[in-house]
Amino acid sequence: MSEMSKITRTVASLAFPFILIFGLYVIIHGHLTPGGGFQGGAIVASACVMLLVAYGSENVGKRLKEEHLSTLESVGALGFIGLAFAGIGTAFFYNLFANTGGLFGNTVEFGINAGDLNTSGVIPWMNIAVGIKVMAGLTAIVLTMAIASNKHFDKEGEE
Amino acid sequence: MMFMDWILHNAPVLILALPLLAAFATPLVGKLGKWPRNVFVVSVAVIVEALVIYLASDVIANGMHTYVFGAASGILLPSGYSVPVRIIFQVDAMSVFMAIISATVTLAGIVYSWAFVTDKQGQSKYYTLLLMMAVGMFGMEFTGDLFNMFVFLEILSIASCALVAFRISFSESSEGALKYMVVSAVGALFVLIAIALLYGQYNVLNLAAVGSAIQFTALDKIALVLLVSAFAMKCGAVPMHMWTPDAYSAAPAPITMVLVSASQASMYALFRIAFTLYGVSMNTGAVGWFIIILGVLSMFIGVTMALPQKDIKRLMAYHAISQSGYMLLGVGVGLATLGSSAFNEYGLTAMKGGIFHIINHAMYKGLLFLTAGAIYYRLNTRNLNKMGGLGHTMKWTAAFFIIGALAIAGIPPFNGFASKVLIYESVFRFSPLLSIIAMLVSVLTLASFVKVFHSAFMGPRLPEYEGVAKEVPWPMFVAMALLAAIVVAMGLFPNLIVDNLVTPAAQALAGRADYLNAVMGGA
């Protein structure tokens, strides 16, 4: 994929931070609102893919390496399983941090309320881990496909 | 002792969680180099194998293990809401029996891959996916929850599919993987619809809870048809076998071996659905006969399709279909006689034969696929017409092939004989014709493997393979020797295996009430 027009690039650059923030919002509010790690991660990845389309895979491929994204993906997955392991003193997947008063450790209020972000124990952490994994994984997939199709077109051009 | 108790209590989840953790750690460890990564993966496989054997010894001695996820204790909620809503693992003798097979095959596959996988790219991802396959198999075997069975089936299918396509530069790899993917997706959707039908009626997903509430309504019948056909498709029974030869022959040899075990995990799910979820609530005679007919068709069509093959792995893949027919036949006879006096006379023996054949088949067919992989590793061909005279230089591979071939043909003193005799004798009392077909298939199997042995290993040395056809590297040798030793040991002492592993497994599968009471007893 080659670079697109200047208008597209400018709009993509302008929209990028907003999409990024929205994706992070969906990830971090996973335990309160519809969405969560996977959906938010996909939104963040779509922001990266938008840049990839606007600026072309050659330019983005120089800054963003598939290898690094794969590492990030492994880290996300390990974080998720590690959090599941953290509760193994009681049971696997036990919610260790719920109602402990620390970060994400408030007790959920009873009845109708606005929703407290600072609750749910390990669940927000797991959402963050899944978000990292999905963001890195999806971006890596699209990047790999874009670079592969690049090579394919180059070869056809030579023939 | 405290530590050992803790390990034993958490063993069902550790068996799953350790390979899962290792799967995602492998790409990171892989950055240190090939040796640290391989040592890491092999040691995880060894630890998992040890955990499985430790858990199996306890389950067989002291009964079923139930592991509840995410809660301090018990499957019921603290408020006293007496419906099992938590996710559980329920591990009985049948589950650990299957887990022993999966763990052993995974270990052998990983050791073999050390030398076999020499591709420049994607080695770390190969091990990640292989460990994910193990996770999927263990999950299907341990879970006590219908929806989780679907999730693990998907994990297994996706990891297997990616590994079938591992050598994507060959066109046949993508063809095999595509077929496998289509079959897996269709099968998984069948399972999902069936689970939705059951959930819609009974409002629970727990296997034991649905099993104890099941009424065998019209919707349950539809769910049964969907579940049986999906799992029969996934275990490669004729007439849903068309993906098996393509996927098995296109995958790298160690993956093919693990795929055999993956198909057996689907077969376990089929048996679990038939015996535990529905059990005597359905017409066991009709469903039993259906499974018997699937088995006989698989046996006969599998072996007749195998005879004319020229591709060594394709030939073995058709034999894998044929051999899974024996398992379906044996356990199908058990299901058809379930609840009648004939069950204790010969039905249970037929089930023992069928279940014993599962472990035997995993070991000798794994061994045969590994020898085929060894030939491919040296000669770079799977075409039997291009081979010859390998017995001169690949002596150990030839010896391992003989062990595997005699075992699959049911020649004493190898393990295939022991399970086939159990099947012949008990099935003869059920229906003599079925037993005769089973024996005939065995003869044809022997004929087919005589052909393979003759064209690959006998004859003069071929000049084009001078210096190429050497003995395989030691990791491949170790993996084959491990399986060959198990085949010989199980053939020499079949009574030990039958008494200590197979009989508890058959009784656990038939003993529906124990499985249901373990969860529903207090409710």
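Predicted model: local features only at pLDDT ≥ 70, side-chain atom pairs only at ≥ 80, totals over all residues.
**Reading burial, packing and backbone geometry**

Trainee: Where is Asn203(B) found in chain B?

Mentor: Asn203(B) sits in the loop that runs between α6 (171-202) and α7 (207-213) of chain B, where helices (H or I, at least four residues) and strands (E, at least two) are DSSP runs numbered from the N terminus. In sequence, 302 residues separate Asn203(B) from Ala505(B), and their C-alpha atoms are 30 Å apart in space.

Trainee: Which residues does Ile87(B) touch, not counting those up to four places away in sequence?

Mentor: Contact is judged here by C-beta atoms, placed from the backbone, that lie within 7 Å. With that exclusion, Ile87(B) touches Phe69(B), Asp145(B) and Asn148(B). Although Ile87(B) belongs to a loop, the one between β1 (65-68) and β2 (88-91) of chain B, Ile87(B) counts as buried, with 20 C-beta neighbours inside 10 Å.

Trainee: How do I read burial along a whole helix, and which residues of α17(B) are buried?

Mentor: List the residues, then ask how they are arranged around the axis. In α17(B), the buried residues are Met476(B), Ala479(B), Met480(B), Leu483(B), Ala484(B), Ile486(B), Val487(B), Met490(B) and Gly491(B). Seen down the axis of α17(B), they fall within an arc of 155 degrees, so they line one face of the helix; the arc is that of the directions from the helix axis to the C-beta atoms. These buried residues pack against α3 (93-116), α13 (341-379), α14 (395-408), α15 (415-430) and α18 (494-510) of chain B.

Trainee: How many residues of helix α9 of chain B are buried?

Mentor: In α9 (residues 243-250), 8 of the 8 residues are buried, so this helix is largely enclosed by the rest of the structure. The buried residues of α9(B), Trp243(B) and Tyr248(B) among them, pack against α5 (146-164), α6, α10 (253-278) and α12 (312-336) of chain B.

Trainee: What should I look for in the backbone itself?

Mentor: Most residues other than glycine have a negative phi, and most peptide bonds are trans. Here, the peptide bond from Val238(B) to Pro239(B) is cis, with omega near 10 degrees, and Pro239(B) lies in the loop between α8 (218-234) and α9 of chain B. Another cis bond joins Pro412(B) and Pro413(B), where omega is about 10 degrees; Pro413(B) is in the loop between α14 and α15 of chain B.

Trainee: What is the phi of Phe93(A), and what is that of Asn99(A)?

Mentor: Phe93(A) has a positive phi near 70 degrees, and Asn99(A), which is not a glycine either, has a positive phi of about 60 degrees. Phe93(A) is in the loop between α4 (66-86) and α5 (122-158) of chain A, and the place of Asn99(A) is likewise in the loop between α4 and α5. Phe93(A) counts as buried, with 22 C-beta neighbours inside 10 Å, whereas Asn99(A) is partly exposed, with 13 other C-beta atoms within 10 Å.

How values were computed
Residues numbered from 1 in each chain as written. Chains lettered and ligands numbered in written order. Buried ≥ 20, exposed ≤ 12 C-beta atoms within 10 Å, placed from the backbone. Contact = placed C-beta atoms within 7 Å.
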